[in-house]
Amino acid sequence: MINLGQAYLARGFMMREAELPDYLPMFLEFLSILPNDEAEEWLAQPAHVLEALEQRLTERETYYAGVLHNLLHLAKRRPSTGQVRDLPDYRDPATPAEIDRAWEDAPINFSAPLGDASQPSALMTRLRAAQRDARDQAKGG
C-alpha cells in the first residue's frame, strides 16, 4: 500500500488524509489520469482480488458483480483460478433475513420503569434535585 501511495504522489495524484491508497474508487480515479497501456497494467495487478470480489457478488446475485466483471475486462486479464483459490475463503452463510434479525434493535418501551420501580432511578433523583434547586433559587433562597 505504501508503494501505491508513493506511485500516486510520483504522478502528481494527491490523496486526502483519510483515504487509503487501495480504496477502489480512488484507485480507479488514479488510473483515469494514466495512459491506457499503463492503466491496464496497473489494473491487472489486483485482478485476482477483483475476481474474488466478482465471484462473491455473483453468488449474492447483486448487479454490482458487473462492475468488477467490466474492470477485469478493461484489465484485459483474467487471473488464474489458483490465485483466486489462494485468497481467504469468505462465505457468509447468512441470508438477508438472518442478517436483519441479528442486527434488529429491541423495541423501546418509554413507559416501562427503569430498574426497580419501588426505588427512584439515579436519573430521576438528579432531575428532582435540579427542580428543587431551581425552585429554591426562584424563591431567593
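Tutor: Phe-30 is buried, with a relative accessible area of 0%; buried means under 20% relative accessible area, exposed over 50%, and partly exposed in between (1.4 Å probe, protein chains only). This is a predicted model, in which local features need pLDDT of at least 70, side-chain atom pairs count only at pLDDT 80 or more, and totals for chains, interfaces and linings use all residues. Residues are numbered from 1 along each chain as its sequence is written, and side-chain values use heavy atoms, with hydrogens and water left out.

Student: Which residue forms an aromatic pair with Phe-30?

Tutor: Rings of Phe, Tyr and Trp (its six-membered ring) pair if their centres lie within 6.5 Å; planes under 30 degrees apart count as stacked, over 60 as edge-to-face and the rest as tilted. The whole structure holds 1 aromatic pair. With 5.5 Å centre to centre and 90° between the planes, the pair is edge-to-face, and the partner of Phe-30 is Trp-42.

Student: Is Trp-42 buried or exposed?

Tutor: Beyond its neighbours within four places in sequence, Trp-42 is in contact (heavy atoms within 4.5 Å) with Leu-4, Ala-7, Arg-11, Phe-27, Phe-30, Leu-31 and Leu-34. Its relative accessibility is 15%, so Trp-42 counts as buried.

Student: Which residues touch the most other members of the largest nonpolar core?

Tutor: A nonpolar core is a set of buried Ala, Val, Leu, Ile, Met, Phe, Trp, Tyr and Cys residues joined through side-chain atoms within 4.5 Å. The largest one has 19 residues, and those touching the most other members are Tyr-8, Phe-27, Phe-30, Leu-31, Trp-42 and Leu-43.

Student: Which helices supply at least two residues each of this core?

Tutor: The core takes residues from several helices, among them one at 2-10 and one at 65-75. The helices that each supply at least two are α1, α2, α3, α4 and α5.

Student: Which residues does Leu-28 contact, leaving aside its neighbours within four places in sequence?

Tutor: Leu-28 lies in helix α2, residues 24-32, and at 29% relative accessibility counts as partly exposed. The contacts of Leu-28 are Leu-43 and Leu-71.

Student: Which side chain is joined to Glu-54 by a polar contact?

Tutor: A polar contact is a pair of N or O atoms within 3.5 Å; within protein, one must be able to donate a hydrogen and the other to accept it, and residues adjacent in sequence count only if both atoms are side-chain atoms. Glu-54 is in helix α4 and is buried, at 8%. At 3.0 Å, its partner is His-69.

Student: Where is Glu-61, which has a positive phi?

Tutor: Most residues other than glycine have a negative phi. Phi of Glu-61 is near 55°, and at 72% relative accessibility Glu-61 counts as exposed. Its place is in the loop between α4 and α5.

Conventions. Helix = DSSP H or I, 4+ residues; strand = E, 2+ residues; numbered from the N terminus.
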